Amino acid sequence: MTRASTIDFGRKTRSQVNWSGPLRAVNVIRNKFPTYKNGSNGIVIKLADDPEMPSLKETVAKETADLLDRRQRPSVRELAIKFEKGLNTATLLSNEVKWRQVALLERDILLKNLKSVLESLRGQVAGKFKDEIEESVSMVDILAVQLSKRENELLQQKTEVTRIATSLKLASEDARTIVDEERANACMEIENARAAVQRVQQVLKEKENFSQRIGKQDVDELREKVQEARRVKMLHCPSKAMDIKNEIHVLRDQFAEMSSSSARLLKELELHQRFEENDAPSYELEGLESLGSMLRLVVRNNVSLSNASVQWFRVQPEGSKKELISGATKLVYAPEPHDVGRYLQAEVNLGGEISVAKTAGPVDPAAGLVDYVETLVRNPETEYNVVVLQVNGIGQPTDSIHVLCIGKLRMRLAKGKTVVAKEFYSSSMQLCGVRGGGDAAPQAMFWQPRKDLSLVLGFETARERNSAIMLARRFAIDCNVS
């Protein structure tokens, strides 16, 4: 059990701790401001600090060390149990010696009876039997001597066991006495520990009450000082100023972007209004705005587009930044995986007048296509059955099936054992969807493995065409080819 010394935490009277003198600066090392009051004749009095008290952490550490020290010492109860075990063993040995002594006494009696019987028989027989009886009598005498020696040894063992049992009995009684004394001491220490805990709790409670009383007096003043310090810190903190400056720059960029977008919308609105006043043609896009479909540019009124030029663009969903789609100059366009998440816009130039047709929303991805491509990425190679539609812009018969193999390092097109094209991924290789191509555009892909060879391949479904484009671009990026 732990022992705690009694500490006198009594406080001094007000007359003993008052000290008059000039007002001093606040000590920044202390954890609170000093307490002052106005004395007589306008003199400022500073109240003395509280007496130094041991911290709760030190008290707990001391009590813990005392408990660990007591725990390492052997228990009195364990000693008593060991003494009792020794006493029981000595008792068993004493009983065993008694039983052996009784057996020896019985054997002595039996030998004496046997010897008397042999003596009586020796006078009654003669010849060979008499010699045997004399030999038996001598053997009985020898056994009697041996038994007497054994009896002496048992008497010595009995004396030794009795002495050990007596000493163990005395030790057991002493152990019981020690256990009783230690039990009484433990009860006393328990009471002392409880009293010490109560005193510590009382001291903590008094300290808490005192700190609350002192804290209530200065809480308003400290709050004002903290607020003032925070305000000064924010004014002199360079990181806050930099954050505000960065936010201003971001807001300016957003404002400039919104201004340019507003100006562009005003120009488009003015252009549409001028077209309506002059009965100019207006255009719109027909078709599903999703991957795997096809968009067609149509005009509302009967206007010939034979002399008009068309150009398709990708437009970012945020802002007005647009990207020209190379080769997309037809009235139809099949979205490819690179268009997903972006708007598509077609600009028509008819006699110097530019008209714009734009999708209502970003191009939607095909359902389950991303998961399908992630599954194919795990394979070292993926094969597709394709039909070669064009070679270097020249049409080809569509009755022969080729195999397009897309690997992690290269692409290969073969028909049977004949290899048509086999190239590693490089910056000179071009791969995209077919620009135009009629109703088969969503299932066709343009592939230029090198500068002197370009192919237009037709897939069985639009899903296979889009997955092949995504898979090849994924492997090219892995090979550091953009």
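Here is a chat about the strands, cores and ring pairs of a predicted model.

Trainee: What kind of model are we looking at?
Mentor: This is a predicted model.

Trainee: Okay, sheets then. What is the strand order in the open sheet of 4 strands?
Mentor: The order is S7-S6-S9-S10, and the pairing is antiparallel. Strand S7 (322–324) and strand S10 (353–358) are the edge strands, each pairing on one side only. On average, neighbouring strands of this sheet are turned by 30° against each other, direction ignored.

Trainee: How many bridges hold S6 and S9 as a pair?
Mentor: Strand S6 (residues 309–315) and strand S9 (residues 343–350) pair over 7 bridges, in the antiparallel sense. Ser309, for example, has Asn349 in S9 as its bridge partner.

Trainee: And which strands does S5 pair with?
Mentor: Strand S4 (residues 283–286) is joined to strand S5 (residues 295–299) by 4 bridges, and the two run antiparallel. Glu286 has Arg296 in S5 as its bridge partner. S5 also pairs with strand S8 (residues 332–333), over 2 bridges in the antiparallel sense. There, Leu295 has Tyr333 in S8 as its bridge partner.

Trainee: Switching to aromatics: how many pairs does a search of the whole structure find?
Mentor: The search finds 2 aromatic pairs. One is Trp312 with Tyr333, with ring centres 5.4 Å apart and planes at 25°, so the pair is stacked. Trp312 is in strand S6 and Tyr333 in strand S8, 21 residues apart, and the pair links distant parts of the chain.

Trainee: What about Tyr384 and Phe459, what geometry do they have?
Mentor: Tyr384 and Phe459 form an edge-to-face pair, at 5.7 Å centre to centre and 80° between the planes. Tyr384 lies in strand S11 and Phe459 in the loop between S18 and H7, so the pair ties together parts 75 residues apart in sequence. Tyr384 is buried at 2% relative accessible area, and Phe459 is buried at 6%.

Trainee: Which charges sit over rings?
Mentor: Lys322 lies over the face of Phe313, at 4.6 Å from the ring centre. The charged end of Lys358 sits over the ring of Tyr343, 4.7 Å from its centre.

Trainee: Now the packing. Which residues touch the most other members in the largest nonpolar core?
Mentor: That core has 29 residues, and those touching the most other members are Tyr384, Leu404, Ile406, Met411, Tyr425, Trp447 and Leu457. Several elements each supply at least two residues of this core, including helix H6 (369–377), S11 and strand S13 (402–407). The largest share, 6 residues, comes from H7.

Trainee: What does Trp447 contact, leaving aside its neighbours within four places in sequence?
Mentor: Its contacts include Leu404, Met411, Leu413 and Ser454. Ser454 lies in strand S18 and counts as buried at 16% relative accessibility. Among the contacts of Ser454 are Gln390, Asn392 and Phe446.

Trainee: Asn392 again! What is its phi?
Mentor: Asn392 has a positive phi of about 55° although it is not a glycine. Most residues other than glycine have a negative phi. Asn392 is found in the loop between strand S11 (381–391) and strand S12 (394–395), and at 42% relative accessibility Asn392 counts as partly exposed.

Trainee: And what about phi of Asn480?
Mentor: Phi of Asn480 is near 60°, also a positive value. Asn480 is found in the segment after helix H7 (462–478), and at 74% relative accessibility Asn480 counts as exposed.

Notes:
Residues are numbered from 1 along each chain as its sequence is written. This is a predicted model: local features need pLDDT of at least 70, side-chain atom pairs count only at pLDDT 80 or more; totals for chains, interfaces and linings use all residues. Side-chain values use heavy atoms; hydrogens and water are left out. Two strands pair if DSSP finds at least two bridges between them. Axes are lines fitted to C-alpha atoms, for helices over the stretch in contact, and angles run from 0 to 180 degrees between N-to-C directions. Buried means under 20% relative accessible area, exposed over 50%, partly exposed in between (1.4 Å probe, protein chains only). A nonpolar core is a set of buried Ala, Val, Leu, Ile, Met, Phe, Trp, Tyr and Cys residues joined through side-chain atoms within 4.5 Å. Contact means heavy atoms within 4.5 Å. Rings of Phe, Tyr and Trp (its six-membered ring) pair if their centres lie within 6.5 Å; planes under 30 degrees apart count as stacked, over 60 as edge-to-face and the rest as tilted. A charge sits over a ring if NZ of Lys or CZ of Arg is within 6 Å of the ring centre and within 35 degrees of the ring normal.
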